[in-house]
Amino acid sequence: MSFVSVGFRTLFYKEMLRFWKVATQTIAAPILTAMLYLLIFGHVLEGRVEVYPGVSYTAFLVPGLVMMSVLQNAFANSSSSLIQSKITGNLVFILLPPLSHWEILLAYVSASVVRGLVVGAGVFAITAWFAHLSFAAPLWIIVFAVLGAAILGTLGVIAGIWADKFDQLAAFQNFLIMPATFLAGVFYSIHSLPGFWQAVSHFNPFFYMIDGFRHGFFGTSDISPWTSLAIVSVFFAVLAAIAINLLQRGYKLRH
Amino acid sequence: MTAIQINSVEKSYKGFKALKGVSLNIEQGEFFGLLGPNGAGKTTLISTIAGLIRPDVGSVKIHGHDVVTDFRNARKNLGVVPQELVFDPFFTVRETLRLQSGYFGIKNNDAWIDEVMHNLDLTNKADVNMRALSGGMKRRVLVAQALVHKPPVIVLDEPTAGVDVELRQTLWKFISRLNREGHTVVLTTHYLEEAEAMCQRVAMLKLGEVVALDSMQGLLRRVSGSQLIVHLKEGTLPEGLRPLVSHDENENGKGNRYSLRINAPGEVEAILARLRESGAVVDEMQLQQADLEDIFLQIMGDAKAGKGAL
C-alpha cells in the first residue's frame, strides 16, 4: 500500500478543497478570534504579568494563541467533515471505493494539519505585529505545530466517527477540547498555578504541545521539550491506533 | 465467471433477521433483478455486496474477491448507485465525478467523465454546484459516480424512484448499452414493468429470504394463462363463470366489471357464449397477458401463506 496513492491524494485534496471553499468561516474567523484574545488579554495584562524573565505578557501570549488556533482548527476540520458526511449520507462516497483505513485516516489528518497550520500562520502573521518575538529553536516550533495538529486531527476523526449528531460533537469540543486547551497554559505558565493544579496540568497532553511549541520561541519552557516530545508522540500513537481500529472495524460506519 | 457470489448471508439487527441465509450467484454479463416488497431485505443485501454492511454469517464475492477480506479488489469491480439521494454540497458535478474517480485510483479521467455526463444528459450541468440541481439531476450524478471507474459490476438500488420519464429512458438506454458491452447489472426496483423489460433473471426476496429465482421467461411461464376483463352493460355474471373470477372489480366500485382467468385464447369464445346464453350483454372486453406483477403478487401471496420457496 502506498500512502501517496491516488486515492489518498484525492481524499486529501477533497478535504483541502472543502475547507478552502468556506475560507471565511474556516480560516478568517479563527484568525479574528485569536486577534481579539490578544487585544483584550494583552491590553489588560501587559505590564502586570511577567511569565518568563524579560518576556512581555503579549509576547508570551502569541505562541499560546497560535498553538491554540492550530489545535482547535485541526480538530474542527476532520470532525466537522466526518459528521457532516455522516449526517447528510455522502460518506458513502468514501466508503464505497477501495480506500484503505490508513488512506482515509492519513487524508483526514493531513488536511487537518494543513488547515491548522494555515490558521496558525495567519494568527501568527497578525499577532506578531503586537509583540517582539524571538525564534530561539525554530525546529521545535515546526515539530510541535505539526504534531499537535496531527493529534487534534486524529482526535477529530475519532469524535467524528463516534458522534451521531452535531450536538454530541459540540459536547466533545466544548467539554473536552476547549477546557483541555485553555487549561494547558495558553494564557499562563503552569508555574503560576497552585501545586495541586500544577500536578493536574501534567496529565493534560495539550500542555506538553503548547509548552514545547513555546520553547521554540523563547528557548525556555516549563519542562524539557524532549520530555514533551516523548509524551506527545506516545499520545499521538495511542490516538492513531484507536482511530485505525475504529475505521478497520467500521465502527458506526459499516453496520 | 460468476460476477457476484452470495453464500448463505445472514444479517440481524437487534434480534430482527433482515437476511436469513441468502445464497445467489449472478453471472457475468447478466441483467439481474432483485425484487421484493419494502422490508424484504433488498437494500440490506445490496449494502452487504457493497461492503457497507458486514454479514453476521456467510460471504459475498465480487469477481472472486471477498468484500470483507479482499475489499480493495472487490470494490474496484463494483459500482453502486445508492437508494438515498445523497450529494456533497461543496462541489460541482465535474468536481464530484473527478473526486470519485480519484477515490478509485484513477486520475486524468476526464474523457470518460465527459462521456458519462453526455450519456446521462449532464453535460450542461458540469460546472453547476450539486446544491443547485433538481432531484432528478442529482440522481443522474449518483449514477455517473457509480460508473466513473467503469466497473464490470453495476448495482442500482431503485435508481428510478421518484424520477421523470425522461431520466428513466436516458438511464435505461445507457445501462442497456453498458450491459451489451459486458457489464453485469443488478437492479432493484418497485417498477415491475422496468424489471420485466430489462432483466434476464430475477430473484424475489421476502422477509430476508429468496422466495423465487428464475429467468424472466421461466417466471412468466409460472402464471399460466391470461386475464379476460369484461364489462357487462346488461345482466350479471352467470354462476358457472364465477370460479374463473380473479378480480371482482365491482368491489372497487367499477360497476359490472370482472377479470376472468383463462388458460388459452380459445376459451374466450366459450365464455362469451355463456354470457350470451345468460342474457348478459358485453359492453367492453379486454384480453390481458399475465405480467411480472401477477407473478410477483402470486409469489408474495404464496410466501405469505407459507407455501415455501419456489
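Predicted model: local features only at pLDDT ≥ 70, side-chain atom pairs only at ≥ 80, totals over all residues.

Reader: Which residues of helix H4 (residues 110-119) of chain B are buried?

Author: Ile113(B), Val116(B), Met117(B) and Asn119(B).

Reader: And what makes you put them on the same side of H4(B)?

Author: The arc they cover around the axis is only 165°, so they sit on the same side of H4(B). An α-helix has 3.6 residues a turn, so residues three or four places apart point the same way.

Reader: What do the buried residues of H4(B) pack against?

Author: H3, helix H5 (135-147) and helix H6 (165-180) of chain B. Just after H4(B) comes Asp121(B), with a positive phi of about 55°.

Reader: Why is Ser8(B) called partly exposed?

Author: Its count is 13 other C-beta atoms within 10 Å. Exposed needs 12 or fewer and buried needs 20 or more, so Ser8(B) falls in between. Ser8(B) belongs to strand S1 (residues 2-13) of chain B, and its phi is near 45°, a positive value in a residue other than glycine.

Reader: What makes His63(B) partly exposed as well?

Author: Here the count is 19 other C-beta atoms within 10 Å.

Reader: Which residues have the most contacts inside the largest nonpolar core?

Author: Leu71(A), Ala144(B) and Val155(B), in a core of 152 residues. Helix H3 (residues 57-88) of chain A gives the most to this core, 16 residues. Apart from this core lies another, of eight residues, including Val230(B) and Leu260(B).

Reader: How many residues does each chain bring to the contact between chain A and chain B?

Author: Chain B brings 25 and chain A brings 24. On the chain B side, helix H2 (71-76) and helix H3 (93-103) each supply at least two residues. By class, that side has 13 nonpolar, five polar and seven charged residues.

How values were computed. Residues numbered from 1 in each chain as written. Chains lettered and ligands numbered in written order. Contact = placed C-beta atoms within 7 Å. Helix = DSSP H or I, 4+ residues; strand = E, 2+ residues; numbered from the N terminus. Nonpolar A, V, L, I, M, F, W, Y, C, P; charged D, E, K, R; others polar. Core = buried A, V, L, I, M, F, W, Y, C linked by C-beta atoms within 7 Å. Arc of directions from axis to C-beta.
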